[in-house]
Amino acid sequence: MVKQAKAQRMLTHDRIWAALDRLAARAGLSPSGLAKRAGLDPTTFNKSKRVTSDGRERWPSTESIAKALAAADSSIDSFARLIDEDSGNGRTVPLLGFALASANGAFDEQGLPSGKGWSEIALPVAEDSSTFALAISGDALLPAYRDGDVILVSRGAPIRRGDRVVVKIGTGEVIAATLKRRTAKALELLPLGATQAERTVMASEVAWIARIVWASQ
């Protein structure tokens, strides 16, 4: 029996940029983080740079792709597979540095991304529309997460005892912790940082709580 040849797919502007987004995500980086690690201007791979002000498509240069591959410790063959990869359909989620998550206006009243400072990262796993990413900086969350790790946080995922969660309280503070116990009156949290003590947060103080569904470790 003769197999039909696989249909050839065109190399398009959208597929090249989607592959760069996937390359960044697999390295645990945002597109701007990948550009920075590659020694390029941090905005080189941003979505705002992909189309000119008059609507013309702007393609990444071969030099920038080569530097990005080196920075991600990847090969041109791997990049070719990323171009042809359909998983995720190029979907991205908002990304913010964890240290900036406590800033006023970073989230709206529903606990979803809002305001300035957010970039985007390709989504490595299929989640709901209320998923966003936080980039860890520094050593405050060791040994759970290291500097440069990216965590995906879902406001829509069910939460159970023992889950790793992100909690925002009324003062604006954002806490990454393991949920030890949850009652109608309070949350008992085991912060992920080794130097941080167990905390009890009254339910009336909780702005929102969301589950950590994936990490780039």
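Okay, some ground rules before we look. It's a predicted model, so local features need pLDDT of at least 70 and side-chain atom pairs count only at pLDDT 80 or more, while totals for chains, interfaces and linings use all residues. Residues are numbered from 1 along each chain as its sequence is written, and side-chain values use heavy atoms, with hydrogens and water left out.

Let's start with the layout. The chain has 4 helices and 9 strands; these are DSSP runs, H or I of at least four residues for helices and E of at least two for strands, numbered from the N terminus. Going along the sequence, you read α-α-α-α-β-β-β-β-β-β-β-β-β. Of the 217 residues, 42% are buried. By buried I mean under 20% relative accessible area, with exposed being over 50% and partly exposed in between, using a 1.4 Å probe and protein chains only. As for contacts, meaning heavy atoms within 4.5 Å, take the ones between residues at least 6 apart in sequence: 59% of those join residues at least 24 apart.

Now have a look at helix α4, residues 76–83. Which of its residues are buried? They're Phe 79, Leu 82 and Ile 83. Those three cover an arc of only 100° around the axis, so they sit on the same side of α4; the arc is taken from the directions from the helix axis to the C-beta atoms.

What do the buried residues of α4 pack against? That would be α1 (13–26) and α3 (62–71). Helices α1 and α4 pack at about 115°, with axes 8 Å apart. Those axes are lines fitted to C-alpha atoms over the stretch in contact, and angles run from 0 to 180 degrees between N-to-C directions. On the α1 side, the residues meeting Phe 79, Leu 82 and Ile 83 include Ile 16, Leu 20 and Leu 23, along with Arg 15, Arg 22 and Arg 26.

On to charges. The structure holds 8 salt bridges, where a salt bridge is a side-chain nitrogen of Lys or Arg within 4 Å of a carboxyl oxygen of Asp or Glu. One of them is Asp 21 with Lys 47, at 4.0 Å, N to O. That pair links distant parts of the chain: Asp 21 is in helix α1, and Lys 47 is in the loop between α2 (31–37) and α3, 26 residues apart. Asp 21 is buried, at 4% relative accessibility, whereas Lys 47 is partly exposed at 43%. Arg 50 also joins in, linked with Asp 21 and Lys 47 in a network of salt bridges.

Two others to click on: Asp 54 with Arg 56 at 3.2 Å, N to O, and Arg 146 with Asp 149 at 3.8 Å, N to O. Asp 54 is exposed at 54%. In the other pair, Arg 146 is partly exposed at 46%, and Asp 149 is buried at 5%.

Last stop, the backbone. Most residues other than glycine have a negative phi, and most peptide bonds are trans. So where's the cis one? It joins Leu 142 and Pro 143, with omega about 5°, and Pro 143 lies in the loop between β3 (131–135) and β4 (150–154). Then there's Asp 73, not a glycine, yet with a positive phi of about 55°. You'll find Asp 73 in the loop between α3 and α4, exposed at 74% relative accessibility.
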